[in-house]
Structures are given as structure tokens and as C-alpha cells.
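Please read the report below with the sequence and the three-dimensional picture side by side, and look up each residue as it is named.

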Amino acid sequence: MNMKSIFDFLDLINEPENIKQELYNDFNEAACSSEQIVKENMKNIVEWTMKLSENKMTKEEFEYLVRAQKRKIEQYLNTLEIEARVKIQKITINLLDIVLERILPKI
């Protein structure tokens, strides 16, 4: 099975059209993303899928890489959540503390 793109692979899989369309949409959205991790993920999926289709990788190797990539992205997202929480906490709680502890006593 020699393919030129991930879309060739999607055309071959035996899934309902709505699933294929969702995959097409996800790949198109990833291609337009400015987020490096999104582009890297798409690049990896395309590369691994092509290797799998050309029998340069086993199904087990493919699954291992995809699962490892998923864990990596989940860890990245957890880090983003923590950073966002810290930033929001700093902006809101610290501001409220200043109002309560420094400004209110002087009113």
C-alpha cells in the first residue's frame, strides 16, 4: 500500500463518512494552527501512518507511538492548565488581597 498523503490512508479506512470527515477537518485545522505542538502532532501522525501503510512499522509500534504522543500532549495540557490557573490566581486573588489589606484600611 503506497500512499502519497494521510488523506489517501483516510480514503482506505473502513469507517463511516462522518468519521472520515471529522479526521479531514482535524487535519486541516491542525495544518492551519499556529501552535507548534499541534503541528508536531500532525507531522508525527502522518509520518507514522505512512510507515505503517508501507510496512515499515508494525501495528504494535504504531499504537505505542500514538499512545506515547497522547500522554505527552496530555502532560502538556496539564502544564498549561496549571500555568493558566497560577496566572489567573495572581491577577485576581492578589488584586483582591491588595484591596482588602492595603486600600480598605486607608478608607
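Helix H3, which runs over residues 36-53, has 18 residues and reaches 26 Å from its first C-alpha to its last, close to the 26 Å expected at 1.5 Å a residue. That expected span is 1.5 Å times one less than the number of residues in the helix, and helices themselves (H or I, at least four residues), like strands (E, at least two), are DSSP runs that are numbered from the N terminus.

This is a predicted model, in which local features need pLDDT of at least 70 and side-chain atom pairs count only at pLDDT 80 or more, while totals for chains, interfaces and linings use all residues. Residues are numbered from 1 along each chain as its sequence is written, and side-chain values use heavy atoms, with hydrogens and water left out.

**The protein as a whole**

Of its 107 residues, 17% count as buried, where buried means under 20% relative accessible area, exposed means over 50%, and partly exposed lies in between (1.4 Å probe, protein chains only). The accessible surface comes to about 8,800 Å², of which 57% belongs to carbon and sulfur atoms; such areas come from the Shrake-Rupley method with a 1.4 Å probe, and for residues only the protein chains shown count as cover. Among the contacts with a separation of 6 or more, 36% are accounted for by residues 24 or more positions apart, a contact being heavy atoms within 4.5 Å.

**Helix H2**

Helix H2, residues 17-32, has 16 residues and reaches 23 Å from its first C-alpha to its last, close to the 22 Å expected at 1.5 Å a residue. Which residues of H2 are buried? They are Lys-20, Tyr-24, Phe-27 and Ala-30, and because they cover an arc of only 130° around the axis, they are on the same side of H2. The arc is that of the directions from the helix axis to the C-beta atoms. On the other side of H2, Asn-18, Glu-29 and Cys-32 are exposed. An α-helix has 3.6 residues a turn, so residues three or four places apart point the same way.

**Helix H3 and its salt bridges**

In H3, the buried residues are Ile-37, Asn-44, Ile-45, Trp-48, Thr-49, Met-50 and Ser-53. Side chains of opposite charge can pair when their charged atoms come close. A search of the whole structure finds 5 salt bridges, a salt bridge being a side-chain nitrogen of Lys or Arg within 4 Å of a carboxyl oxygen of Asp or Glu. The table lists some of them.

| Salt bridge | N to O distance |
|---|---|
| Glu-40 and Lys-72 | 2.5 Å |
| Glu-47 and Lys-51 | 3.4 Å |
| Glu-54 and Lys-56 | 3.4 Å |

Salt bridges that share partners join Lys-43, Glu-47 and Lys-51 into one network. Within helix H3, Glu-47 and Lys-51 are 4 residues apart, and so they are separated by about one helical turn. Glu-47 is partly exposed, with a relative accessible area of 32%, and Lys-51 also counts as partly exposed, at 33%.

The side chains of Glu-40 and Lys-72 meet in a salt bridge. Since Glu-40 lies in helix H3 and Lys-72 in helix H4, this pair ties together parts that are 32 residues apart in sequence. Glu-40 counts as partly exposed at 28% relative accessibility, and Lys-72 counts as partly exposed at 38%.

**After H3**

Where does Asn-55 lie? It lies in the loop between H3 and H4, and its phi is near 60°, a positive value in a residue other than glycine. Asn-55 counts as exposed because its relative accessibility is 70%. Glu-54, which pairs with Lys-56, counts as partly exposed at 29% relative accessibility, whereas Lys-56 is exposed, with a relative accessible area of 61%.

**A nonpolar surface patch**

Leu-95, Ile-98, Val-99, Leu-100, Ile-103, Leu-104 and Ile-107 make a nonpolar surface patch of about 700 Å². Patches are made of residues with over 30% relative accessible area and no salt bridge, with like charges joined within 9 Å and nonpolar side chains (Val, Leu, Ile, Met, Phe, Trp, Tyr) within 5 Å. Ile-107 is found in the segment after helix H4, residues 59-103, and it counts as exposed because its relative accessibility is 81%.
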